[in-house]
Amino acid sequence: MNETIKVQSWIPLIIVALASFIIALDATFMNVSIAQVVADLHTDVSTIQATMSFYTLITAAFMLLSAKLQDIVGKKKLFLIGAALYGVGTLTAAISPSATILFIGWAVIEGVAGALMMPATVSIISGTYSGERRTVALAIVGVMGAIAAAIGPLFGGVMTTFLSWRYGFACELIVVIIILVLQSKIPHFEPTESRSELDITGAIISFIGLVLLVFGILSLTKDFSTSIVVIILGLVALAGFAWFELRRKRGGKVPLFDIELLKDRNLRVGTSIMLLAYLSMGGALFAVSLFLQSVLQLNAFDTGLTTLPLTVGLLIFAVAAPSFSGKLGHKKLMAIGCIIAIVGCLLLSNQFKLNTTMMDLLPGMFIMGAGLGFAMALSVDVALINIPPEGQNNASGLTSTGQSLGESMGTAIIGIILILGVIGGVSHAVDIYAPDQSGNETFQLEVLDHFQKVGNLNDAKADHTVVEIVDTILQDAMAFVMQVTAILMGIVFILTLRLEDKKVKT
């Protein structure tokens with residue numbers, strides 16, 4: 001069915017929003033549970049981290065294929081198949097006796113299931129609501145991933161501290177059951193294409209390109225030079241995919257992805273905004289969480305509690321965004337959101353010290369979340385504004401891929417920025433406390449090695465000079481991270497100026 005179905009009930013929105021939430025939650029809540037998982041499954045940290053990475057990798061790699069399958073299977077049917085498969089995966093992960101079974105349930109089964117559901121969440125909303133209700137619905141679905149990413153550490157902390165990481169997967173299973181029970185509330189959409197029209201060759205090329213791209217991104221902090229080569233190969237493969245799809249369409253065949261949709265400026269810019277906004281939020285959240293756990297030695301629960309203001313700001317302003325956009329328009333409100341987020345980043349840039357408290361971070365975290373709420377909430381809606389009904393499924397796959405890539409890139413890229421910030425901080429500390437050694441790379445490497453062995457308040461207390469040096473390095477490193485995040489949001493601000501504005505019609 002290509003026409004919008006005018007539905008008054010918010011139940012379809014709730015169902016797909018729940019799906020978006022658990023898919024994104026799966027990529028973050030286990031970050032604070034790694035140590036316990038390693039102990040329970042008698043494995044090592046690298047194995048669990050690889051499992052987490054492969055979940056993201058598999059989800060992103062199947063995204064474009066999933067978007068096309070909506071046309072062949074039907075968006076509701078594909079969504080429900082993904083939900084049922086996700087339930088199998090999360091149950092397998094919850095009862096997994098070994099790291100291998102956890103990998104199969106979490107990375108493989110849930111990864112594929114997440115890819116089947118994500119594009120469908122956007123296209124179901126686009127086909128179910130119209131006017132202002134569509135804007136509200138897409139705003140909520142659009143930020144669900146961000147909210148899940150922000151609340152993940154707190155959820156994981158509660159599960160790990162008071163119950164078990166297995167209960168985290170069990171909670172997701174309960175959500176899946178709710179989705180399946182309420183499935184009749186989702187409107188039915190007829191398939192628009194036949195199975196014989198599926199572009200198998202294009203699916204294989206896109207899969208290879210996305211796998212190489214995401215794998216390269218995830219490996220950036222481990223082997224930078226090799227990762228860059230892999231990323232380039234991925235981009236080359238995706239360029240080959242674009243060329244193949246254009247030829248296929250010009251030959252009168254149905255492409256896996258209609259490249260000509262990219263002629264629409266809003267789709268290109270809106271997807272780029274999603275990618276950079278998710279990259280900024282995910283990266284900043286990773287750096288802050290790392291600081292709280294590694295430097296201040298907070299446990300999983302307290303770490304999640306400290307990052308909660310970002311989630312609150314994100315949720316409040318995302319929900320409010322559609323109402324404000326009716327008066328200001330999407331373009332202006334998203335630009336305002338970028339400015340607010342930049343202010344939050346700059347406030348945070350001076351707050352990371354050895355004596356930092358939760359209250360020190362609260363204003364900056366809330367303001368950053370508020371700005372991201374405005375920017376993220378409207379990005380999907382504005383990206384799809386000019387896309388005709390028959391192209392909505394394809395376009396939803398592209399926006400979902402942008403979101404997934406942003407989440408993947410955040411941790412890897414900000415991880416590199418954090419390392420560069422530490423190196424810059426070491427140089428600054430040497431200039432202040434050992435000016436005679438300025439420019440001495442050997443001495444700076446020795447300071448860096450010592451810093452890595454200290455790194456937190458309890459270890460540094462014995463020596464006042466060490467405290468000051470560590471404090472200087474940490475301040476410079478985290479300030480650099482937040483400044484880069486502010487620059488990224490500045491780029492998003494510039495991108496918003498290129499958007500064709502949307503006036504909501506009721």
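This is a predicted model: local features need pLDDT of at least 70, side-chain atom pairs count only at pLDDT 80 or more; totals for chains, interfaces and linings use all residues.
Colleague: How many salt bridges does the structure hold, and which side chains meet?

Modeller: A salt bridge is a side-chain nitrogen of Lys or Arg within 4 Å of a carboxyl oxygen of Asp or Glu. The structure holds 1 salt bridge, in which the side chains of glutamate 260 and lysine 249 meet at 3.3 Å, N to O. Glutamate 260 lies in the loop between helix H10 (224-250) and helix H11 (265-295) and lysine 249 in helix H10, so the pair ties together parts that are 11 residues apart in sequence. Residues are numbered from 1 along each chain as its sequence is written, and helices are DSSP runs (H or I, at least four residues) numbered from the N terminus.

Colleague: At what angle do helix H1 and helix H8 pack?

Modeller: Angles run from 0 to 180 degrees between N-to-C directions, with axes fitted to C-alpha atoms over the stretch in contact. Helix H1 (residues 11-25) and helix H8 (residues 165-181) pack at about 155°, their axes 10 Å apart; H1 and H8 are therefore roughly antiparallel to each other, a term for angles over 145 degrees.

Colleague: Is isoleucine 208 buried or partly exposed?

Modeller: Buried means under 20% relative accessible area, exposed over 50%, and partly exposed in between (1.4 Å probe, protein chains only). Isoleucine 208, in helix H9 (residues 200-218), counts as partly exposed at 42% relative accessibility.

Modeller: Local features need pLDDT of at least 70 and side-chain atom pairs count only at pLDDT 80 or more, whereas totals for chains, interfaces and linings use all residues; side-chain values use heavy atoms, without hydrogens and water.

How values were computed
Helices (H or I, at least four residues) and strands (E, at least two) are DSSP runs, numbered from the N terminus. Angles under 35 degrees count as roughly parallel, over 145 as roughly antiparallel, 65 to 115 as roughly perpendicular and the rest as oblique.
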